[in-house]
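User: Hi! I'd like to go through a structure together, bit by bit. Could you walk me through whatever I ask about?

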Amino acid sequence: MAATALSREERLERARRRKPKRQIRSTDVLAWITLALLLLFSLVPMAWMLSTSLKTQFAALQLPPEWIPSNITFEHYVRLLSPQSEVGQEFLRYFWNSIFVSSMTTLAAVAIAVPAGYAFSKFRFPGRQGFFIAVLIRNMFPAIVFLIPLFIMMRAVGLIDTHLALIITYLTFGLPLAIWLLKGFYDNIPTELEYAARIDGASRFQAFIRIIMPLSSPGIIATAIYAFIIAWNEYVYALTFLTSRELLTLPVGLQRFFDEYVTNWPGLMAASFVMSIPVVIIFLVLQKFFVQALTEGAVKS
Amino acid sequence: MAVTTPQQATGQVAIRASREPRNVFVRMYRQWADYAYIFPALFAMFFVIAYPIAYTIYLSFYSTPTAGDNVWNGLTNYTSIITAERFWMITQNTMYWTIVSTILAFIIGTGAALIAQREFIGRGLVRGIFLIPWVISHVATAYIWVWIFHSDYGLVSGMLMDLGIISSPLVILDSTTWAMPALILVNVWKDFPFIMIMMLAGLQTVPDHLIRAAKMDGASTWQQFRHVTLPHLKGVIIITLLLTIVMNLNHFTLPWIMTGGGPASTTHIWITEVYALAFRSLRFGIASAFSVVLFIIMMSMAYFYVKAMTAGDDRRR
């Protein structure tokens, strides 16, 4: 009697253990296959860029294509990054221009978006909804539709061919989403915290700076990454607004390189690679904040 | 959801409501400090958005010779755009590009999200890798793929020849049949991570206990997805689709760099056409009219977007 009871229990136990496992398995296999395919899809072009950039110009034009170069050379990177060579000087200039424009844009975007996002989240002033809708609508408009009037406007005020023109425009591209992200973030910070600070004698502005700002730092970091990446990668406005060679940012500079050294594919791939490194690193390091911000801010109801 | 309102909107509203003056200007005056917080944003947005829109509409009624003053020509710009056969061909290209890109990116992005939300070792790394295409610049992306599609020495052509599938180099970006599909592939590669993030964010709002309850009731994985997850994601899906469609309508860099609209204008879409009209042919007037047409199309989409976006907001307030 005891033995059968035990074995039945055992059987049940086994069945219980087995069942969920088997259920998971079929979807698991599907998931792993999809994962592998997706990884391949994302990585192959990047791998090919890296592989090409390490080949000599001659080796790059060999068929069949070689995945791992037999003679690895860093000559293209050395040439791009050495201030002695002509190409290097030019490339480093573009690099510096991009860093300057992107950092300035980021600083300004954060300084403007933080108070605005906070106000949209916590204050109830007349016209708030209207402003917010205007901010959202901006998201729908193609940057390029603004290109013609902005070009004419910048030409009229003499800002064509300056970095300032780019910083101003990039700033406003990023603002709508930045404000929206931050608003979502502030929605989640209890107003009671602010009241507590106010009762302790802080002014509203002090409460905002001392209490709310530190709490929302993940949101602020996400906003900053977003603004930086937009500015770093932007192409159309840089193409249209800048004419002097020494002012070009990397995307347009890369195009210049392409026009001049069409057949030097390894060199171009090395330049593309160097150009991608900063954003990829910043993004990978701070990705957590970004995804968190989107999760907290963007999608909830 | 609606029950939580008083707690969430809290304080200021509740306190103020009791002695809030009726007159809107009095309220605006009393709350002047609130506006200080949004003023910089409004100021920037006005100069770079409101003014340009107005100016574009103004220019669209003028012909703009490169030398001399603008000349009023009424609706001529508009009629000449709409009656040209070219406009309809480019519209067709734009539809092809937008619809196929959106559908493919959406399927792949959602698949990636479903995988990236499973728990496994190295999930952070996988998410990071998926996001790389989205982060790198369009220009770098364009050149990487131009090189991959290179007809003589490119990866695609080379591999296919190596495998013996084709005997002579495959022309891709210069072929009227293959250029557009190739561009769409690149576009999907670039944009699927965006959809993945949006869907990931959406998936996290699906309450765990509902999934567990469904599981306990014996729902299969597919049933859980179909009847619990999907209804929860409806809002996110609508917003993501709208944003993706708009993004695709506005993609300039990929077609511009990779094919320049060629061969035989088969990859020209609205945006590249507007740019070419304005900055290659220097016909600002007609390009502005074209922009206004695009405005109207985008505005109608913006309407649905704002509706979808504020739907959640209203419920909370």
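This is a predicted model: local features need pLDDT of at least 70, side-chain atom pairs count only at pLDDT 80 or more; totals for chains, interfaces and linings use all residues.

User: OK, zooming out. How many helices and strands does chain A have?

Analyst: Chain A has 13 helices and zero strands. Read from the N terminus, its elements are α-α-α-α-α-α-α-α-α-α-α-α-α.

User: How much of chain A is buried?

Analyst: Of its 301 residues, 43% count as buried. There is also a figure on its contacts: taking those in chain A between residues at least 6 apart in sequence, 74% link residues at least 24 apart.

User: How do those numbers look for chain B?

Analyst: Chain B contains 14 helices and two strands. It has 317 residues, of which 40% count as buried. For contacts in chain B between residues at least 6 apart in sequence, 66% join residues at least 24 apart.

User: Back to chain A for a moment. Why does the length of helix H9 agree with what it should be?

Analyst: H9(A) has twelve residues, 204-215, and at 1.5 Å a residue they should span 16 Å. The C-alpha atoms at its ends are 16 Å apart, so the two agree.

User: Which of its residues are buried?

Analyst: Those are A:Ala207, A:Phe208 and A:Ile212. They sit on the same side of H9(A), because the arc they cover around the axis is only 100°.

User: You mentioned H4. Is A:Trp96, which lies in it, buried or exposed?

Analyst: A:Trp96, in helix H4 of chain A, is exposed, because it has 12 other C-beta atoms within 10 Å and a residue with 12 or fewer counts as exposed.

User: How far is A:Trp96 from A:Gly184?

Analyst: Their C-alpha atoms are 34 Å apart in space, and the two residues are 88 apart in sequence.

User: New topic: how many residues of the two chains are in contact with each other?

Analyst: On chain B there are 88, and they are in contact with 81 residues of chain A. Helix H14 (residues 284-316) of chain B gives the most to chain B's side, with 15 residues. That side of chain B is made up of 61 nonpolar, 20 polar and seven charged residues.

User: And the largest nonpolar core, which residues have the most contacts inside it?

Analyst: Those are A:Ala113, A:Leu175, A:Ala178, B:Tyr143 and B:Met196, in a core of 155 residues. Helix H9 (residues 179-203) of chain B supplies the largest share of this core, 16 residues.

User: What is A:Leu175 in contact with, apart from its neighbours in sequence?

Analyst: Leaving aside neighbours within four places in sequence, A:Leu175 is in contact with A:Ala109, A:Ile112, A:Ala113, B:Ala41, B:Ala44 and B:Met45.

User: How is chain B divided into domains?

Analyst: Domain 1 is 49-83 + 283-317, and domain 2 is 100-282. Their C-alpha centres lie 28 Å apart. Between them, 16 residues of domain 1 are in contact with 13 residues of domain 2. The domain 1 side has twelve nonpolar, three polar and one charged residues.

User: Last one! Where are B:Ala264 and B:Ser265, and what is the phi of each?

Analyst: B:Ala264 is in the loop between helix H12 (253-258) and helix H13 (270-280) of chain B, and B:Ser265 is in the loop between H12 and H13 as well. B:Ala264 is not a glycine, yet its phi is positive, about 55°. B:Ser265 also has a positive phi, near 60°. B:Ala264 is exposed, with 11 other C-beta atoms within 10 Å, while B:Ser265, with 17 C-beta neighbours inside 10 Å, counts as partly exposed.

Technical notes: Residues are numbered from 1 along each chain as its sequence is written. Chains are lettered from A and ligands numbered from 1 in the order in which they are written. Two residues are in contact if their C-beta atoms, placed from the backbone, lie within 7 Å. Helices (H or I, at least four residues) and strands (E, at least two) are DSSP runs, numbered from the N terminus. Ala, Val, Leu, Ile, Met, Phe, Trp, Tyr, Cys and Pro count as nonpolar, Asp, Glu, Lys and Arg as charged, and the others, Gly among them, as polar. Domain bounds come from an automatic or database domain assignment. The expected span of a helix is 1.5 Å times one less than its number of residues. A residue is buried if 20 or more other C-beta atoms lie within 10 Å of its own, exposed if 12 or fewer, and partly exposed in between; C-beta atoms are placed from the backbone. The arc is that of the directions from the helix axis to the C-beta atoms. A nonpolar core is a set of buried Ala, Val, Leu, Ile, Met, Phe, Trp, Tyr and Cys residues joined through C-beta atoms within 7 Å.
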